[in-house]
Amino acid sequence: LREREESGRRLGVNADGAGRLRGSGGRVLIVDDNLRQAQRIADELTREHRPVIETDPKAALLASRGLIDLMIVNVAAESFDGLRLVAQARSAETSRHMPILAVVEPTDRPRLIKALELGVNDILMSPVDPEELAARARTQIRRKRYTDFLREKLDYSLEMAVTDALTGLHNRRYMTGQLQALVQRANHGGDPVAVLVMDIDHFKAVNDGFGHDAGDEVLQEFAVRLATNVRAVDLPCRFGGEEFVVVMPDTRIEDAHRIADRIRRDVSSVPFRVMGGKETLNITISVGVAVSLGQGDTPEALLKRADEGVYEAKATGRNRVIA
Ligand code: GH3
Ligand code: MG
Ligand code: MG
Ligand code: MG
């Protein structure tokens, strides 16, 4: 949960977008067997960037798996096939997005076209013009910084779309999708899937007595106790408000009941500390347990059966599990 929070902060408002884009210096891998040309390119780039020369394409490919911001390949090299290196770099997961500049002979149209077809980002004609080199390298590195930033932001957004913001548990949408698939599988002869529906008892009294923030703290602490009491394959989620659901693949009712009761005891036996430890609250939960019945069962019906357990638990005194 903490990791998620931190990555959120990292991507927050002014955090890094601008900051990370500001430093334009990059790690540049120059792959060339013409050492005079390679050295000239490195000398030109070294004021702004950190260039490294590599004459062996295998070693270059290995290095490109690391934190390289730009690869400059002489596709007219005599001792190795530069176009092949470009193709390999483009097909490897770790270097797919790495910018590549191809150094080509102005008279070698076929190789220039081939390099572009393989997906190099830009072309440098040899003999390489220093100013042109500096400008093209800078553009590619800047573009990479920005697309890296966008990609990270997209990953973060995708994660947020399936995560409950307050607790870091899965959200209802994610749970529903997973449950749908598991029930379908169970209906077709697969393993049974169990669900726990849990509702915090008299939660309104927490909000009314100690404030909404204290209520939020209880929800967060409950999420920690919930997540630490289920197996790695289980899916603990916040269904909404102060209601939580755990989806348990390949689980029979007895085991689900046992886990539910362990969670219930873990909640009720240790008071919740809120408001910086100023208040200590006794919290209990009511839990309903249900398991898939095979053919014809639906996620909605399964959740409803578990919810009926919650209702019965509430009616018979709360702080209990009904299967
Ligand atoms: P019961 O034992 O019957 O479940 O009683 P209850 O008070 O828990 O039940 P009820 O459903 O009436 O109250 C739930 C309360 O949870 C009402 C709502 O204001 C509060 N709540 C819902 N979402 C949040 C939230 O995100 N944060 C806080 N602090 N309160 C929330
Ligand atoms: Mg409720
Ligand atoms: Mg209620
Ligand atoms: Mg409640």
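**Close-up views of a predicted model**

**View 1. Packing of helices α10 and α11.** The two helices, α10 and α11, cross in a right-handed way (left-handed if the near helix is turned anticlockwise from the far one by less than a right angle, right-handed if clockwise). In this predicted model, α10 spans residues 212-228 and α11 residues 253-269; their axes lie 10 Å apart, at an angle of about 140°. Axes are lines fitted to C-alpha atoms, for helices over the stretch in contact, and angles run from 0 to 180 degrees between N-to-C directions. The pair is therefore oblique (under 35 degrees is roughly parallel, over 145 roughly antiparallel, 65 to 115 roughly perpendicular, the rest oblique). Helices (H or I, at least four residues) and strands (E, at least two) are DSSP runs, numbered from the N terminus.

**View 2. Residues between α10 and α11.** Phe 222, Arg 225 and Leu 226 of α10 meet Ile 263, Asp 266 and Val 267 of α11; contact means heavy atoms within 4.5 Å.

**View 3. Two magnesium ions.** Donors are N, O and S atoms within 2.8 Å of the metal (3.2 Å for Na, K and Ca); water is not among the atoms, so sites may look incomplete. The magnesium ion (ligand 3) is 3.0 Å from the magnesium ion (ligand 2).

**Notes.** Residues are numbered from 1 along each chain as its sequence is written, chains are lettered from A and ligands numbered from 1 in the order written. Local features need pLDDT of at least 70 and side-chain atom pairs 80 or more, while totals for chains, interfaces and linings use all residues; side-chain values use heavy atoms, without hydrogens and water.
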